[in-house]
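Here is a short briefing to read alongside your model. Keep the sequence and the 3D view open as you go.

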Amino acid sequence: MHFIGRPCQVRPHVFWYNSGMKIKDLLARARPSVSFEIFPPRKDAPFAPVKEAVERLARQKPSFMSVTYGASGNASANTAEVASLVQQCGVCALAHLTCLTSSRERIADEIRALKAANIENVLCLRGDAPKDAAEPPPGCFAHAVDLVRALQGSGFCLGGACYPECHPECAHMEDDIAHLREKVEAGLDFVTTQMFFDNNVFFRYLSKLRDRGVTVPVIAGIMPVTNGRQIERICKISGTYLPSRFKAIVDRYGDNPSAMLDAGVVYASEQIVDLFANGVNAVHVYTMNRPEVAERIMANLRSIVGD
Ligand code: FAD
């Protein structure tokens with residue numbers, strides 16, 4: 001553990017104060033919720049840049065900060081540690097946890113580490129098998145719902161993932177929503193969406209979820225695009241719809257990093273304002289360890305979100 005016992009450098013007067021809360025209680029507040037995502041350092045990479053990013057993000061007073069688990073080759077071993085750092089900065093932490101490639105013993109170890117760090121919130125995920133994967137450990141959980149069932153009654157506030165454009169492995173949206181409903185009925189308190197770039201996609205999905213009896217809060221996942229070419233590739237693989245307005249931005253500014261950053265911040269800010277204006281009360285910004293992006297978006301939202 002690198003951070004436990006090391007004080008966070010955020011100055012006391014900018015300390016936020018929701019550390020240790022349950023996200024379901026934060027979402028029940030009238031104040032619009034803006035939260036951020038951070039990923040732990042890659043294996044053998046230094047902690048200092050992640051620590052600095054956490055401290056800068058904390059100054060933006062997010063409702064909570066989520067810490068990924070093993071995504072994009074990042075070390076899952078550091079999730080509890082980075083989540084603990086988030087809480088030392090006074091911000092409520094959400095620890096991601098995947099189950100597909102972990103033995104039950106490994107999951108039990110992670111849970112113990114999260115409890116020891118006083119983490120109250122867990123995002124229950126299946127994860128993806130690595131391309132070169134050997135067989136998953138025997139007896140491991142095949143779907144996120146199995147992890148939710150295992151954690152139900154553990155005292156954690158539980159979240160899960162959902163997909164406004166359908167999970168890529170599921171042939172039909174109706175089946176995907178039925179699986180989501182099963183996951184929610186197993187004990188989820190809220191769900192967070194995959195990124196989307198057309199708010200109408202989200203509004204249609206939300207209406208379908210409510211019609212199908214999924215009643216928990218749905219947090220809208222917003223990805224500020226700062227690397228246009230990369231996002232085009234990701235969207236092709238995941239089947240995410242790119243509106244023509246968005247495509248025009250990438251075509252025009254995709255090869256100019258600072259112009260793409262400006263345009264990506266404006267696009268994400270407009271998406272968030274439109275969501276809030278239409279009654280959505282919670283957005284999760286995939287900040288990708290770039291606090292400067294979060295700072296610029298929050299500057300655009302200050303009087304909308306409030307202090
Ligand atoms: P599940 O809910 O298990 O669904 C996966 C697929 O199985 C879907 O097609 C679903 O329809 C189907 N399914 C579900 N239940 C059943 C059932 N009972 N029978 C048959 N089919 C079923 N990945 C990481 O590695 N680390 C992270 O930190 C991370 N964070 C994420 C955060 C968010 C907000 C999101 C949206 C995704 C995140 N991911 C992360 C990616 C995620 O792990 C992948 O999208 C993964 O492919 C699916 O995970 P899930 O939890 O949605 O799985």
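This is a predicted model: local features need pLDDT of at least 70, side-chain atom pairs count only at pLDDT 80 or more; totals for chains, interfaces and linings use all residues.

Residues are numbered from 1 along each chain as its sequence is written, and side-chain values use heavy atoms, with hydrogens and water left out.

**The ligand and its shell**

- The ligand is surrounded by 23 residues, the closest being Asp128, Tyr163, His167, Asp176 and Lys183; a residue counts here if one of its heavy atoms lies within 4 Å of the molecule.
- By type, the shell splits into 9 nonpolar, 9 polar and 5 charged residues. In this scheme Ala, Val, Leu, Ile, Met, Phe, Trp, Tyr, Cys and Pro are nonpolar, Asp, Glu, Lys and Arg are charged, and the others, Gly among them, are polar.
- Strand S3 (93–98), strand S4 (121–125) and helix H6 (173–185) each provide at least two shell residues, and H6 gives the largest share, with 4 residues. Helices (H or I, at least four residues) and strands (E, at least two) are DSSP runs, numbered from the N terminus.

- For a polar contact, look for a pair of N or O atoms within 3.5 Å.
- A polar backbone atom of Ala144 lies 2.9 Å from an oxygen atom of the ligand.
- A nitrogen atom of the ligand is 3.4 Å from a polar side-chain atom of Glu182.
- On its own the ligand exposes 970 Å², and the protein buries 84% of that (Shrake-Rupley method, 1.4 Å probe).

**Helix H8**

- Helix H8 (residues 228–238) has Gly228, Ile231 and Cys235 as its buried residues, where buried means under 20% relative accessible area, exposed over 50% and partly exposed in between (1.4 Å probe, protein chains only).
- Viewed down the axis of H8, these buried residues fall within an arc of 60°, so they line one face of the helix; the arc is taken from the directions from the helix axis to the C-beta atoms.
- They pack against helix H9 (244–253) and helix H10 (257–277), with contact meaning heavy atoms within 4.5 Å.
- Exposed Arg233, Lys236 and Ile237 sit on the face of H8 turned away from its buried side.
- Gly239 follows H8 and has a positive phi, near 75°.

**Pro137**

- Pro137 sits in the loop between S4 and helix H5 (144–151) and is partly exposed, at 24% relative accessible area.
- Leaving aside residues up to four places away in sequence, Pro137 touches Leu100, Thr101, Ser102 and Ser103.
- Pro137 and Thr101 are 36 residues apart in sequence, yet 6.5 Å apart in space, C-alpha to C-alpha.

Note on methods:
A polar contact is a pair of N or O atoms within 3.5 Å; within protein, one must be able to donate a hydrogen and the other to accept it, and residues adjacent in sequence count only if both atoms are side-chain atoms.
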